[in-house]
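Hi,

Here is the structure I promised to pass on.

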Amino acid sequence: MLGRRSRLVWVANAGLVLGALVLIAMLWTGGASLDPGRLLPNELPFFPVLVWLGSFAALRLFFSQRTRGLEGRCVAFFARRGMPPRDAPATVQSAASSGAFIGAGFGVAASAGDALRVVLATSHPGPSPLQAFAIVFATLGSGALAGGSVGALLSLAIRRLSSGRRFEVGRATLLCLLPSAPLVAALAPWAGPDERAPHTLLAVTGGVIATALVWFFLAPIAVARARNHQWGLAAVATSLIAFVCLVVLLGAFGPLGSLQSPAEAEDAAHPNVLLVSVAGLRADFVGVYGSGASSTPHLDSLALRGGLFASAITPSSKHTEASQSMLTGRYPEFSAGSPNVASSGLADLLSAYGYRTAAFVSCRCVNRDSMSLAGSFDSYDDLADLSTWLSKTALARAWVNLGAGTEPIRTPVEAVTAFRDWVSAASGGPWFAWVEIAAPSRALPIHNDEIAISTDDPSALLQTPLAHAPTWADAATRGASTADWWRGYAESVIETDDAIGALLETLAQRGELHRTVVIVVSVHGMPLGESGHWFDAAASDDDAVLRVPWIVAGPGVGGARRVHGPCSLVDVAPTLLGLLGLRGGGSEGWEGEDLSGYLREREMVERSPHSGPVFARVDVSGDDSGAVLVARYGPYRLVRHANGKEQLTMVAGEEPGEYSGQNEPIRDDGRIRNLMSELLTRHISASHPR
């Protein structure tokens, strides 16, 4: 029997060595994943390797001799320190306390890795030192509380079902926790590319091992020495604990950082790029798009210096999806109901050409935890707060909902200031900055009779409150009149234009405006009563939401260009590459069209108003059966509703130089409808996730 147990211990040892080698290989290659359900077939999942190691560690512990080997020496060591005999009966209190200690050790070790993963794997700027301390404190506390509770209950159950001796209860508790401890990895949110980077995985693994070493060995040694009044040895053990913690911190923030690939050399030959996206800006509120009395002088001046696209269409009425498509040159997955999850986009491509990249976003819906592309920017300045960081952990996410509230936005002035601070500190080489302004999407009502209202509604209706106030409006503003909501939106457009003027002034003062490609685009419009919708862009398929302004100016762009025909925000990325002279580099698989040829200074190529097709998706609120899909081809507009019903209309005023937001029903012999329907069906099939 003894020989058989010895052979099984050797089998367990071999399993541990094999698992450790596989784990080390995965850590160094960065090819690990925390979610086995989302792995490609040729990837070795990280989660089963952890279960493998835990299972063989439990097997070794189960068949080891308590009087021999490493386990026997550990038991004998603590017995000599004055611990109760290992064969003594375990009382309810001792079983619960020992189980809580063991379980809390597992919880703290797993939480240490969880906290390091979040702190280290976030794009710059990451959490502040105070936020990092709060993340570690909340995560470790949650792990200790959860692990201690599970361990105590488990030990009490084992005491009742077994002989109840102290050693057997403790060993059985360890046996149960070892294979199940990796479940914490399964609870973690989906890991992004930065969380699977070698330096992050190495730091996380080192943190888990060091924490377990401190909890299960160094801390008990220090306590045991102190109980025997051996204060010198207790101080030595405590010093070792501090040393291990210091090594983990240095490894996480210092030497391991050198494992990252070096930045590409900068190339000053390329112009800078400033991409400004506005959430909720309607085209008919911009002067150069024919709004009458202009309240957007800076946008108008930029369009006269460069050019504009007369019929730009957003691919989605959702803020996050449209922003992703703008940066990736790909449509959202129409049938998936979620934004595309492309892992590369403009920031990745321009970084490869030596650009320094940064993003300054103003709405939580494009925070780094919502945008799959956030990690590709050198700096991603968003509204991330402590709740954002905690939501990325596996064990401390439960605390996030306690402080949940409304979603604020960054004001245009704050966004401009953040960009100005970044560009002022920049030195040498070209840069790419994405500045997002969200003021029109969260416009608040104001009472100012001097602001003109452009609407056909009778004045009596303008004095009544909105039939459906925005969900983000507070109780104080829900009763405001329709006229005040209109004025508030108009004021936010003026504020946005002033912010764009401040961005341009910053570049002019630095002497960089003449060598900067400036793109201003709206990711979606805003319904102001059209089809009964108010300030709910996600639920409206009206042109007030889907048609957006798109203005381009910079080196090589001709003056006062007006490009006709439907185009999409998925064309932004390839068009920018064309203006920079970087066509084709890394853009394979993008669905957008390079329209730079219609903007070039030395080219006078007119685009046909009958261009296309382009597509859009609108998720109608309260309709679980699907989304409204829109196709544009020249002046024709096909809308396919969730129930399959289709409606073909013509966008009035699509000839050059004029535009009307009204859609006119048309009669045809079915050929146009069939053509548009077939184009839409093909596009849906191509966008279906494989």
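Thr314 counts as buried, at 0% relative accessibility (buried is under 20% relative accessible area, exposed over 50%, partly exposed in between, with a 1.4 Å probe and protein chains only). Before going on: this is a predicted model, where local features need pLDDT of at least 70 and side-chain atom pairs count only at pLDDT 80 or more, while totals for chains, interfaces and linings use all residues. Residues are numbered from 1 along each chain as its sequence is written, and side-chain values use heavy atoms, with hydrogens and water left out.

Thr314 sits in the loop between β2 (307-313) and α11 (319-328); helices (H or I, at least four residues) and strands (E, at least two) are DSSP runs numbered from the N terminus. Beyond neighbours within four places in sequence, the contacts of Thr314 (heavy atoms within 4.5 Å) include Ala322, Val523, His524, Leu569 and Phe615. Gly525 is 211 residues away from Thr314 in sequence, yet their C-alpha atoms are 8.6 Å apart.

Next, a helix pair. The axes of α10 (residues 297-305) and α17 (residues 482-509) come within 7 Å and cross at roughly 55°; axes are lines fitted to C-alpha atoms, for helices over the stretch in contact, with angles from 0 to 180 degrees between N-to-C directions. That makes α10 and α17 oblique to each other (under 35 degrees is roughly parallel, over 145 roughly antiparallel, 65 to 115 roughly perpendicular, the rest oblique). Pro297, His298, Leu299 and Leu302 of α10 meet Asp497, Asp498, Ile500, Gly501 and Leu504 of α17 in this contact.

Lastly, Val92 lies in helix α4 (residues 92-120) and is partly exposed, with a relative accessible area of 47%.

Cheers
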